[in-house]
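I opened the notebook to record what I looked up in this structure. The entries follow the order in which I went through the topics.

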Amino acid sequence: MNIFSVFTLCGGLAFFLFGMHIMSQNLEKLAGGKLETALQKITSNPFKSLGLGIGITIAVQSSSAVTVMLVGLVNSGIMNIEQTVGVIMGSNIGTTLTAWILSAAGIESDNVFISLLKPENFAPLVALLGVALFMISKKKKRQNMGMILVGFAVLMYGMELMKNAVAPLAETESFQRLLVAFHNPIVGVLFGALFTGIIQSSAASVGILQALSLTGSISYQIAIPVIMGQNIGTCATALLSSIGVNKNAKRVTAVHILFNVIGTVFCLTVFYGLDAIVHFTFVNRAINPVEIAFVHSVFNVVTTVILLPFSNRLVKISYRLIPDKTGTVGKDNVEWLDERLLYSPPLATAQCRSKANSMAHISKTCMQDAVGIMFQYDTRMDEKVEEGEQMLDVLEDNLGTYMLKLSQESLTEKDSRIISELLHTIGDYERIGDHAVNMVKISRLMNEESLAFSDEAKADLITLFAAITEISEITVKAHTTHDLSLAVKVEPLEEVIDRLIAKAKHKHIVRLQKKTCTPELGVYFSDLLIFIERISDHYSNIAAMIIQIANNNVLVHDYLNDLHEENSPQYKKTFKTNYNYYERKYRLASD
């Protein structure tokens, strides 16, 4: 083996890792929001979590990516540590699929159909099909499928390069002498862990071991400890991702390491203990790629079967290894999304939507609480609205910054539309909170000055409050459920509210002229009408954006202008009917 073989080995490893990355990234895009839906279905049942871990890892082809994702979810307070244990165990089993796929490199046969299973034979065809799908198809899903095939072909080509690069090692004396050291299982475990930790991919390190096994120089005695060490080494990615996170997120990494270390110690002890008694005949026999895949799977399945019943015990140990500070509560929840979730754009997008939904509900609650104390001031509700508005400020700032970063990632067309919609709507929700605070301020000042609206003014405000409450309910439900049939009802109701406000203003001027309303109350009444009008405008903007984004358009004003044109299809189809309904429903006392 010369220097050029080393170059080829490094190049093969580069192709392997790049192909794995491309395949994993596009598999995740193809999964889309299903990944989020699956994670939300996690329960306390460890078997469901285990199955979910296996499924997600097979879907994204990276146990490290799944673990990093879990660290981010726990750090964000979206999941708790107990929910992650089964997923971690399942991801270790799911990642063994890669080894089985790579084991095809060892296939030898004169049969044409069997030979087609060899990577060097079918990888070019897979690459050609993938490139064709990517270049010809205009649909994102098919393009993603094409990139998955291309990534798979590149991965397999990298495997072939590594196999050819290490082939001369079988005849190298220094390599044979080196292998003697690996007869010590501790050295094998340490080497497997160190090498995997450096390249941060257990799939790649197992692939290299499978390539080396084709030389006929790797025995079971050498391979078994190295495979177990590779499982420990894959924890390096999670370890790096746990830097700067809260204690619970660090405990996820601790559980991952504990699982692999305990499994390695147990399996090695049992294997070499039985070997000392039974004297296994296969120990010194050369191992092939298929057998490496088998050992890899058996190790992870056995470890899972043994440790799954002790999931809670692993969590308790992680709490001892990473204890809470004295006088603090057992959990330090983080309110905001973790940047580690950016590695999984579909999941990050779904969580952004979840946070935006929280903003929608908070702003609605603030507005309705403000309305609730307009005629009878309540200090507790005043403070609640103020706290809600402050929460909306922080949410808008954090979520907006996070989504701008996310928008720079490679997003699916659907996720891109969702982020665009959220970026346009979170500002409206924040402003609704501001107007709610202003309404509460009026109630507070009127209470301090012992002022009260006339019965006629109260009656008008009650009607307006009912209308603004309904528009908030419709808009928030349309936004959180993405129901376009509800969204189209918002603008007609907003138009009715505008006309009610115009009539209320006219009646207010008449009261001022008749001196049945004082100037001080007149100012407060006028301000309330302004706030109600602005709130309804914000809900109108949100609903219009929902509709326009669904139609791949962000020109909200064009949509609203067209909606009010009496000859437009939208006006005839929905606007007029809904407007007439709300006009009959909400009338001022003099109507």
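The model I am looking at is predicted.

**Entry 1: two histidines in loops**

I looked up His482 first. His482 has a relative accessible area of 35%, so it counts as partly exposed. His482 sits in the loop between α21 and α22, the latter being residues 484-487. I also checked the backbone: phi of His482 is near 55 degrees, which is a positive value in a residue other than glycine.

I then turned to His279. Is His279 buried or exposed? Its relative accessibility is 55%, so I noted His279 as exposed. His279 belongs to the loop between α15 (247-278) and α16 (289-307). The phi angle of His279 is near 60 degrees, again positive in a residue that is not glycine.

**Entry 2: the whole protein**

I stepped back to the totals. The protein has 26 helices and 0 strands. Of its 591 residues, 52% are buried. I found an accessible surface of about 27,100 Å² for the protein, and carbon and sulfur atoms hold 60% of that surface. I also looked at contacts with a separation of 6 or more: 81% of them join residues 24 or more positions apart.

**Entry 3: α21 and α23**

I went back to α21, the helix of residues 455-481, and compared its direction with that of α23, residues 490-514. Their axes come within 10 Å and cross at roughly 165 degrees. An angle over 145 degrees counts as roughly antiparallel, and α21 and α23 are therefore roughly antiparallel to each other. I noted the crossing of α21 and α23 as left-handed.

Which residues meet in this pair? On the α21 side I listed several, among them Glu456, Asp460, Leu464, Ile468 and Ile471. On the α23 side the residues include Val490, Leu493, Ile497, Leu500 and Arg511. By class, the contact of α21 with α23 holds 12 nonpolar, 2 polar and 6 charged residues.

**Entry 4: α15 and α17**

The crossing of α15 and α17 is right-handed.

From α15, the contact is made by Asn248, Arg251, Ala254, Val255, Leu258 and Ile262. From α17 it is made by Leu314, Val315, Ile317, Ser318, Tyr319 and Leu321. I sorted the residues of the contact of α15 with α17 by class and wrote down 9 nonpolar, 2 polar and 1 charged.

**Entry 5: α18 and α20**

The next pair was α18 (residues 345-372) and α20 (residues 413-448). The axes of α18 and α20 come within 9 Å and cross at roughly 20 degrees. That makes α18 roughly parallel to α20. I recorded a left-handed crossing for α18 and α20. The contact of α18 with α20 has 19 nonpolar, 2 polar and 4 charged residues.

Lys364 is in α18. Lys364 has a relative accessible area of 13%, so I put it down as buried. Leaving aside neighbours within four places in sequence, Lys364 is in contact with Ser472, Glu473, Val476 and Tyr539.

Ser443 is in α20. Its relative accessibility is 3%, so Ser443 also counts as buried. Not counting residues up to four places away in sequence, Ser443 touches Ile373, Met374 and Tyr377. I checked the distance to Tyr377: Ser443 and Tyr377 are 66 residues apart in sequence, and their C-alpha atoms are 5.9 Å apart.

**Entry 6: Ala123**

Ala123 is buried, because its relative accessible area is 7%. Beyond residues up to four places away in sequence, Ala123 touches Ala153 and Met156. I also noted Val150, which is 27 residues from Ala123 along the chain, with 8.8 Å between the two C-alpha atoms.

Definitions and conventions. Residues numbered from 1 in each chain as written. Predicted model: local features only at pLDDT ≥ 70, side-chain atom pairs only at ≥ 80, totals over all residues. Heavy atoms only, no water. Axes fitted to C-alpha atoms, helices over the stretch in contact; angles between N-to-C directions. Helix = DSSP H or I, 4+ residues; strand = E, 2+ residues; numbered from the N terminus. Parallel < 35°, antiparallel > 145°, perpendicular 65-115°, else oblique. Left-handed = near helix turned anticlockwise from the far one by under 90°. Contact = heavy atoms within 4.5 Å. Nonpolar A, V, L, I, M, F, W, Y, C, P; charged D, E, K, R; others polar. Buried < 20%, exposed > 50% of the residue type's maximum accessible area, 1.4 Å probe, protein only. Areas by Shrake-Rupley, 256 points an atom, 1.4 Å probe, with all protein chains shown as cover.
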